[in-house]
Amino acid sequence: MGCGATKSNELQAALLIQRWYRQYVARLEMRRRCTWHIFQSIEYAGEQDQIKLYNFFGYLMDHFTPANSERNLISHIFRENEICRDIEWERYFCYKNIEVPELYSGPHLSFPLTVSNVADLVEAFKNKQQLHTRYVLQLLLESWKLLRMLPNINQVSTCQTKEITICGDLHGHLEDLLLVFYKNGMPSVEKSYVFNGDFVDRGKDSIEILLILFAFMLLYPNNVHLNRGNHEDYIVNLRYGFTKEVLGKYRLHGKKILKLLQKIFSWLPLATVIDQKVLILHGGISDTTDLNIIAQADRHKVKSTSFLLIVDMLWSDPMPQDGCIPNEVRGGGCYWGPDVTEKVLRRHNLQLLIRSHECKQEGYEFCHNRKVLTIFSASNYYEVGSNRGAYIRLGPDLVPHFIQYQANRSTRELTLRQSVGETERSALRALREQLFAHKSDLLYAFQDYDTDNTGWISLKHWATAVEAVLRLGLPWRVLRSQLVTTTQDGMLDYQGWLRELPITEPKTESLLETMYKQRSNLETIFRIIDSDHSGLISFEEFRQTWKLLSSHLKMEISDEAILDMAVSIDFNKDGSIDINEFMEAFRLVDRTMNLPSEPNHTKTDE
Amino acid sequence: MADKESAEAVISEIHRRIAEAFNVFDNESSKSVDVREVGTIIRSLGCFPSEAELHEMIAEVEEEEPTGYIRFEKFLPAMTKVLMERKFRPIPKDVLIQAFEVLDQEKKGYLEAEELKKYMTQEGEPFSQDEVEEMLSAALDNKENVIFYKDLVSKMTFEDL
């Protein structure tokens, strides 16, 4: 081979290369983690907005004494609160005169459901077929009837069913549910399941997941248990995609289906307890959580006396420190500490709390001295490659066993570099949107540091200012090289940088920016107003909505400015605004909500 | 145009950089991270330590009775020192290429997959199976099944995924 010198050279060379490569991998890992943090903080900030919207509506309900014109709008928004008897609703939801045409090639259901019905259903969805409206309504009606009879807290025992499988958030990811069934087997009298909420929103097959879960629940009512998640809520659905999905897939009857689902969601049980020892619920607990009180509540009533307790169960997150504080990040529920876990578990003689609600990279995570377990079943939640999903198997010994997976086989074949790249691009795009939305505030903050008015600030000040304005708690210094590409001697031309951010060229800059910031809220309100789901709202409705929202935000907007804006948005010049076009102007079409368009799709399933 | 910064300001900015990198891995805001992540944190701050140097540093910041976690309190001063003293400097591109050329005995301009694998898993501070597989999948030119190391170095040094 070589002499001693060559051997030592080779050794040195190898050492160098290894040192270099490990550094490269570490940088990638850091970027992957940052990307994660970006998605998570933006998601939670969005939820915060959502709760603020709720509070806005609550505020309107309690305090508003509107002038005539606004009174109509508000009662319009709140007409959902009309009280009808269930039997009248059953008549409204009647499916009997909806015929199934011969051309329909999807699954046919008969009631009571049989095993082969449900197997057919799963198979059909696997093959991207859609269930006919008639069967959808029938299935949902039966589910509603069953759910109304269930208690707030399901009590389950392993002596009947031996092993129980627990799944976390699915969020419309049908491929993950199918993967779980493939690996673990479908529900049956021998195979019990608990599905811990958040079945819908974000993913594109939310309705299919619901139909499968309800079908199994009807088939095996003692073996399939569903807990409500914070996304089983019609207002959340307006924002996060489920409403859009249903209206897109069921153009004629979507509205009816959504209305029925609204009722069904409110009747979903709040928790499941196994062997009186393991508590399973979607979000978590607070220091006031008392299962005896919750068991008595009227869970389906919007303003039940235990409303706050229920919100806590669906929205809370654990924290490492002792105590219990309001969850300001999400805007609802609380953060609870290990001492609260201890207290509540002891109060009810429990040994473990299983919850979901938070995406975890490995699909599951323990905390609070292994007394709290988070389980999340939607893999690739933020982006392809972002995380694995997992489910739990629990036997009579009540020791959890985990099975992890990741849908999308090709993910595993991507190199670390490739999967980080895709996800990161996506996260940075979302982050730039956030930055753009706060342009004016950022400008003020930068100018504060630029006391000599040179147009330049240091990167250090850039990082501090951005955090002060956006408050996302992100590692801006770590992210800097991805967001700021042109600097000179460690200084940044901030106006140039801000100019490069925007997606559209705004005319009336600050009004557009504000609208952009509020776009999710706006869309939600628009869709509530658009009661016949036509996708159109009138100028007047647009004007009133914006006026209400801006007064709530304590902003001054002249009627003229609003009208100008409305006219410029009316792309068709027909006096009404197409919501989709409006949102499109902000390039809001989220890739996860792109419904598949089948080329030769004949509408036989409506 | 550059600010005339006091030593204090420089150090406080370094502290903030270190804190940010640390917090990315501190999932529960417990002011401590898993010891297995410390290497990633140090490297992400621009340092190129060898495994031996890394272990030395970890030994420095570990608790007397190792808990498997490194506390920020101990990590911060040690890391500040590393950055101030500019320890574990980056490897210049040409030095790196020279290293590859040493392994490329026949001066072909490329390395066969098996060749690189052998060196990486048998020499120096050996890679694990996973590490070498990952490196190969990123480095391998699929059409020719070899590694053009000059291209590789360019690709991975000025990274814009």
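**Entry 1: the A/B interface**

I started with one pair: R22(A) makes a salt bridge to E51(B), with 3.7 Å between the closest N and O atoms. I note here that I'm working from a predicted model. I then looked up the total across the interface of chain A and chain B, and the rule gives 5 salt bridges.

Which elements of chain A supply the surface touching chain B? Those giving two or more residues are α1 (4-63), β11 (364-367), α16 (416-437), β15 (456-458), α18 (459-470) and α19 (476-483). α1(A) has the largest share, with 25 residues. Sorted by class, chain A's side holds 24 nonpolar, 10 polar and 14 charged residues.

I also checked the extent: 48 residues of chain A and 53 residues of chain B take part in the contact. Together the chains bury about 4,800 Å², 62% of it on carbon and sulfur atoms.

**Entry 2: a sheet in chain A**

Next I looked at an open sheet of 3 strands in chain A, ordered β7-β9-β8 with mixed pairing. β7 (317-318) and β8 (324-326) are at the edges with a single partner strand each, so one side of each has no neighbour in the sheet. β8(A) pairs with β9 (residues 334-336) in the antiparallel sense over 3 bridges. I found I325(A) opposite Y335(A) of β9(A).

**Entry 3: an annotation on chain B**

I looked up residues 91-126 of chain B, which an unreviewed UniProt entry annotates as "domain: EF-hand". In the model this span is 58% helix and 6% strand, and its end C-alpha atoms are 19 Å apart.

Technical notes
Residues are numbered from 1 along each chain as its sequence is written. Chains are lettered from A and ligands numbered from 1 in the order in which they are written. This is a predicted model: local features need pLDDT of at least 70, side-chain atom pairs count only at pLDDT 80 or more; totals for chains, interfaces and linings use all residues. Side-chain values use heavy atoms; hydrogens and water are left out. Two strands pair if DSSP finds at least two bridges between them. Helices (H or I, at least four residues) and strands (E, at least two) are DSSP runs, numbered from the N terminus. UniProt positions are given in the numbering used here, feature names are shortened, and annotations may be inferred rather than shown by experiment. Contact means heavy atoms within 4.5 Å. Buried area is the accessible area (1.4 Å probe) that two parts lose on being put together, summed over both. A salt bridge is a side-chain nitrogen of Lys or Arg within 4 Å of a carboxyl oxygen of Asp or Glu. Ala, Val, Leu, Ile, Met, Phe, Trp, Tyr, Cys and Pro count as nonpolar, Asp, Glu, Lys and Arg as charged, and the others, Gly among them, as polar.
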